[in-house]
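Please walk through this structure with me.

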Amino acid sequence: MPSVPEPQPALGAIVLRALLYALLITLLVVFAPGSEHVFIYQGF
Amino acid sequence: MSRRAIPDHVQAPAPAATSPLTWLLAIALVAAIDVAITRTPPLWGKTDTWIKSGLDRAYIWQTYDVARTIFHPRRDAATRVEILGNSRVWFPAREAYVERALHERAPDLDVRVDNLAFFGAHIGDLEVVARHLDRLRPSLVILAISGPDLVATSWGDLLNPTGELLDIGWRDGSIPPASMAARVDRWVRTVWPLFRLRRFVRQRIVDALSPVASDQRFPDRVESRQAYFDYMAGSERGARSGAAYEHWRQHPTLEGFVEYLGGGKGPYGVTEPVPPPESLSLDGPGFVVLDHLLARLAAEPYPTVILLMPENPLLDADNAGTYHRPGFSDRATALIEQVAARHRIRVVDGRRWMPADRFVDFVHVFPDVSGCQDLLANEILHALGS
């Protein structure tokens, strides 16, 4: 029986999905808490 | 409702969610967004970074100024002077003042001065900032320090959260990170610009959504002491400060100055509460950091000069040690000179550069009107061989 090539996802779906991932990663990087702490300078 | 059967030989399209192509494209888009955010005016466009509302905002925006200078430099110039320090040099060495003083002395010199200081910086913070110097291709580095910058005090640690915002590098510096999480943070900051600058991005978004009207640009020219008081405190409180200051100038005693400052606060009034001078040694952590920093700078092709910042001579009369720690400055200076000599780095002792009436308090000279930038310009030209 001849093999049927696996259909590829539509290009538009790939671009939209990639954009969604990129935006989510960017938001996560900007807003996720890190190990930084708040600094209160006592010199004044 | 009828449903048509799907023939067995027809496969459903592979979902875009799991396609390697999707992830490759996503990574490329993350990189593009990173560049769009970290290298363009939306991030670096804030110039009114003199913050009068909240120290937490002030510290973010001061370090932002330093980050902007490093990652989004102003105009190029044939000669680039980088000044590292804290509030002691932040005020008198604003770029506009020093560049003006340099142009008066050397009109043909194409020079850009970058003030990389921020309030409360100690030697660990300066060491972190110095890791970025290569990006600026310095012609000269001025390390503007004072003895208290080499010890941890209640005013600040050797490395503070302000400096940590710019902390990069694969290997631990002379002050190891407090935890593995902090180390991983540093690694990610090293490779990923958006992660490195994310606190500034976050604050830009917050400020865009909720602008603060009192944010201002620090003036490029301060014509008089009264203009400084008015700018800092507003016309009403500024007038009172100016009157108190002028009263002191008529009766220029140590006690009168303390009275003008409002009586002082803390164990030493308004000077940094430093430890006894005999506790200082070359093995102390602050001097170890200085040694590492100078070793690195000495290996660079550009010269480095240590400038010991002006100290208010009124404190000479404080023999009892009511307002400062007598002997600390001299002991710290002796040790700084020893460390600098190891690396053949010149030390300019500016501690007596300024008379008392050029100081706004025991620690800071007046910006612009003090004329401190003129003496600094002389030293810069001397170091550049001009």
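A residue counts as buried if 20 or more other C-beta atoms lie within 10 Å of its own, as exposed if 12 or fewer do, and as partly exposed in between, with C-beta atoms placed from the backbone. Helices (H or I, at least four residues) and strands (E, at least two) are DSSP runs, numbered from the N terminus. This is a predicted model: local features need pLDDT of at least 70, side-chain atom pairs count only at pLDDT 80 or more, and totals for chains, interfaces and linings use all residues. Residues are numbered from 1 along each chain as its sequence is written, while chains are lettered from A and ligands numbered from 1 in the order in which they are written.

Start with strand 1 of chain B, residues 79–84. Of its 6 residues, 5 are buried, so the rest of the structure largely encloses this strand. Which strands pair with strand 1 of chain B? Two strands pair if DSSP finds at least two bridges between them. Strand 2 (residues 111–115) of chain B pairs with strand 1 in the parallel sense, over 5 bridges. Here Val81(B) stands opposite Val113(B). Strand 3 (residues 140–145) of chain B also pairs with strand 1 in the parallel sense, over 4 bridges. Here Ile83(B) faces Ile142(B).

Now widen the view. The open sheet of chain B has 5 strands in the order 2-1-3-4-5, with parallel pairing. Strand 2 and strand 5 of chain B are at the edges; each has a single partner strand, so one side of each has no neighbour in the sheet. From one strand to the next, the twist averages 20°. Strand 4 and strand 5 of chain B share 4 bridges in the parallel sense. Leu307(B) has Val348(B) in strand 5 as its bridge partner.

Helix 15 of chain B lies across strand 4 and strand 5, at about 155° to strand 5. Axes are lines fitted to C-alpha atoms, for helices over the stretch in contact, and angles run from 0 to 180 degrees between N-to-C directions. Contact means that the C-beta atoms of two residues, placed from the backbone, lie within 7 Å.

Which residues of helix 15 of chain B are buried? They are Phe328(B), Ala332(B), Leu335(B), Ile336(B), Val339(B) and Ala340(B). They cover an arc of only 140° around the axis, which puts them on the same side of helix 15 of chain B. That arc is taken from the directions from the helix axis to the C-beta atoms. An α-helix has 3.6 residues a turn, so residues three or four places apart point the same way. The cover over the buried residues of helix 15 includes helix 14 (285–298), strand 4 (304–308) and strand 5 (346–349) of chain B. On the face turned away from the buried side are the exposed residues Asp330(B), Ala334(B) and Ala341(B).

Finish with the backbone. Most residues other than glycine have a negative phi. Arg344(B), which follows helix 15 of chain B, has a positive phi near 55°. Arg137(B) has a positive phi near 45° and sits in the loop between helix 7 (133–136) and strand 3 of chain B. Asp368(B), at about 65°, is in the loop between strand 5 and helix 16 (372–384) of chain B. Asp368(B) is buried, with 23.
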